[in-house]
Amino acid sequence: MAPTLSTPFRPLVIRRLGHSSFQNHPQKWSLVTSSTPRLSHRLHPLSSFIPSMTTRASSNPPPSNPTKTVRVVVKGRVQGVFYRNWTIENATQLGLKGWVRNRRDGSVEALFSGTPDSVQEMEQRCRRGPPDAMVTGFEVVPCSDDPGTGFQRKPTV
């Protein structure tokens, strides 16, 4: 049978003391309990873990956003139909980095880098293309090239 507490459970509150505006100075944390009296030997079983959990959590950097980078080649009637400018507008709208260019074989090549969802959405948009385009082939290859700082048009290769 589980023991019962003779006094009400006091919720634990964690407060940050001061603030950390300087690099390499961790924030200080303090456990504060409510004003309801209780005996010290009647602590909640997890209360001893809270300070160490908050210390570890505050010392770890926040998880970074994953980035996906792909190179695509679009074939069909994709040159002379505003495809590159349309690609720049759509990639910028989705917050992607990279570039787009025509190729001498009549295809359009592009590099897209950003969140996996944004890159996948751009791939879907490129499969359709702008209104006057007719996409007949679409290749996607994972890539590790540097996408640069924005989205730009590159010269024909």
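Two residues are in contact when heavy atoms of each lie within 4.5 Å. By that rule, and leaving aside neighbours within four places in sequence, Tyr 83 is in contact with Val 74, Val 78, Val 108, Cys 126, Gly 129, Pro 130, Ala 133 and Val 135. Welcome to a predicted model, in which local features need pLDDT of at least 70, side-chain atom pairs count only at pLDDT 80 or more, and totals for chains, interfaces and linings use all residues. Residues are numbered from 1 along each chain as its sequence is written, and side-chain values use heavy atoms, with hydrogens and water left out.

**The nonpolar core**

- The largest nonpolar core has 19 residues, and Tyr 83 and Phe 112 touch the most other members. Such a core is a set of buried Ala, Val, Leu, Ile, Met, Phe, Trp, Tyr and Cys residues joined through side-chain atoms within 4.5 Å.
- Strand 3 (68-77), helix 2, strand 5 and helix 3 (116-128) each supply at least two residues of this core. Helix 2 gives the largest share, four residues.
- Helices (H or I, at least four residues) and strands (E, at least two) are DSSP runs, numbered from the N terminus.

**Aromatic pairs**

- The whole structure contains two aromatic pairs. Rings of Phe, Tyr and Trp (its six-membered ring) pair if their centres lie within 6.5 Å; planes under 30 degrees apart count as stacked, over 60 as edge-to-face and the rest as tilted.
- Tyr 83 and Trp 86 make a tilted pair, because their ring centres are 5.5 Å apart and their planes stand at 55°. Both residues belong to helix 2 (residues 83-93), three residues apart, about one turn of the helix.
- Tyr 83 is buried at a relative accessible area of 2%, and Trp 86 is buried at 13%. Here buried means under 20% relative accessible area, exposed over 50%, and partly exposed in between (1.4 Å probe, protein chains only).
- Phe 112 and Phe 151 form a stacked pair, 5.8 Å centre to centre with 10° between the planes. Phe 112 lies in strand 5 and Phe 151 in strand 7 (residues 151-153), so this pair ties together parts that are 39 residues apart in sequence. Both Phe 112 and Phe 151 are buried.

**Salt bridges**

- There are seven salt bridges in the structure. Each one has a side-chain nitrogen of Lys or Arg within 4 Å of a carboxyl oxygen of Asp or Glu.
- Lys 75 bridges to Glu 139, with the closest N and O atoms 3.3 Å apart. Since Lys 75 lies in strand 3 and Glu 139 in strand 6 (residues 134-142), the pair ties together parts that are 64 residues apart in sequence. Lys 75 is partly exposed at 36% relative accessibility, and Glu 139 is partly exposed at 40%.
- Arg 125 and Glu 121 form a salt bridge whose closest N and O atoms are 3.0 Å apart. The two lie in helix 3, four residues apart, about one turn of the helix. Arg 125 is buried at 16% relative accessibility, whereas Glu 121 is partly exposed at 31%.
- Salt bridges with shared partners join Arg 71, Arg 101, Arg 103, Glu 109 and Asp 145 into one network. Arg 101 and Glu 109 meet at 2.9 Å, N to O, and both are buried.

**A buried loop residue**

- Ser 107 sits in the loop between strand 4 (97-102) and strand 5 (108-114). Ser 107 is buried, with a relative accessible area of 1%.
- Beyond its neighbours within four places in sequence, Ser 107 is in contact with Val 73, Val 74, Lys 75, Val 78, Gln 79, Arg 101 and Asn 102.
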